[in-house]
Amino acid sequence: MTRRGRGLPASAAGTHFLQSRAVAAALVRSAAPGSGDLVLDLGAGAGAVTAPLADTGARVLAVERNPAFARRLARRFGAHERVRVVHDDLRTVPLPRRPFQVVASIPFAVSTALLRRLLGPPGTRLSGADLIVEWGLARRITRPVPRDLETAWWAARFELCVRARVPADRFAPAPSVDAAHLVVRRRADMGAGAVRGAYALLEAAYATPAAPARAVLGAFVARRDTHRLLAGAGAAPATPAGELTVAQWRALARAASREGTPWPALPRRLDRG
Ligand SMILES: C[S@@+](CC[C@H](N)C(=O)[O-])C[C@H]1O[C@@H](n2cnc3c(N)ncnc32)[C@H](O)[C@@H]1O
């Protein structure tokens, strides 16, 4: 039988509550929000992450769908002028239109949906995130050569890395798998043209992963330029497109953009996250 956290609302069954102050502190320390910065704790539960966040001087939005937890958070942080509790669903709550961070131990069941919202839209204002996610998900999305286009698109604009493994016994009830502290940081702006280029190249590469890189690149730039551009990105022309790293596709997009390559517009569906 799994252990339930003490004093948790009965309707919380099935979620895993962080029991380690050290893990929550490590998330907040890594995010290092400045005074007045906007930080979202998504799936705030009883406030294990909200509390150390509130101590930083940041403005904190604690979003929680469970009404019992939302009430409890409102009581706990009601007197705190920089903390606002929002009783809402993290899959649909409007995201800020100004730069924001997310620091949260998120519900595993909706992790991918949340990452899609945070990292997918070209205009996302997310500046960075420190998240507790399932270990397997963290490993999957931090591969240098992601398995799918969506993750590659995220990695083209955000640095994704695993900071630490978080053992299952740091939660109550303990999940069946370990978790990870995932660090997300917005990469330096490469310009709107290169962003379009990165998407176009990744889309083509993931559609035809066995095609040589020179053929994928050659669909966008003059054939006489492909070998030189690929050499600049450290890739051999015959390498299968599916074996290039996101860093190499980014380098190609930037170099080709500097030389005036006209890229197709980004698909509108990306705006929906
Ligand atoms: C993994 S627990 C973490 C709670 C808290 N952050 C902690 O570290 O102890 C996830 C929390 O997210 C809430 N939650 C689950 N699905 C949600 C959703 N779609 N929108 C908002 N909150 C959600 C649950 O009620 C629960 O409180």
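## Two domains

How many Å separate the centres of domain 1 and domain 2, taken over C-alpha atoms? In this predicted model, the separation between the two centres, taken over C-alpha atoms, is 32 Å. According to the domain assignment of the protein, domain 1 covers residues 17-186, while domain 2 covers residues 192-271.

The two domains touch each other, with 13 residues of domain 1 in contact with 14 residues of domain 2. On the side of domain 1 that touches domain 2, 10 residues are nonpolar, one is polar and two are charged.

## Confidence in the model

The mean pLDDT of the protein is 94, and 95% of its residues reach a value of 70 or more. In residues 1-6, however, the pLDDT is below 50, and this stretch has nine contacts in the model beyond its near neighbours in sequence. As for the scores of the model, the ipTM is 0.98 and the pTM is 0.94.

## The sheet

Which strands make up the open sheet, and in what order do they stand? The sheet has seven strands, arranged in the order β4-β3-β2-β5-β6-β9-β7, and the pairing among them is mixed. At its edges lie β4, made of residues 83-87, and β7, made of residues 158-166, each of which pairs on one side only. When direction is ignored, neighbouring strands of this sheet are turned against each other by 20° on average.

In general, the strands of a sheet pair through backbone hydrogen bonds, and they may do so in either a parallel or an antiparallel way. Here, the edge strand β7 pairs with β9, residues 179-186, in the antiparallel sense, and eight bridges join the two strands. Within this part of the sheet, Val 166 stands opposite Ala 179, which belongs to β9.

Toward the other edge strand, β4, a helix comes into the picture: α3, formed by residues 67-77, lies across both β3 and β4, and it runs at about 165° to β4.

## Around the ligand

Which residues come nearest to the ligand? Of the 23 residues around the ligand, those that come nearest are Leu 18, Gly 43, Gly 45, Arg 65 and Ser 105. Sorted by class, this shell consists of 13 nonpolar, six polar and four charged residues.

Several strands contribute to the shell: β1 (17-18), β3 (59-64) and β5 (100-105) each supply at least two of its residues.

Methods: Residues numbered from 1 in each chain as written. Predicted model: local features only at pLDDT ≥ 70, side-chain atom pairs only at ≥ 80, totals over all residues. Domains from an automatic or database assignment. Contact = placed C-beta atoms within 7 Å. Nonpolar A, V, L, I, M, F, W, Y, C, P; charged D, E, K, R; others polar. pLDDT = per-residue confidence, 0-100. Near = placed C-beta within 6 Å. Helix = DSSP H or I, 4+ residues; strand = E, 2+ residues; numbered from the N terminus. Pairing = 2+ DSSP bridges. Axes fitted to C-alpha atoms, helices over the stretch in contact; angles between N-to-C directions.
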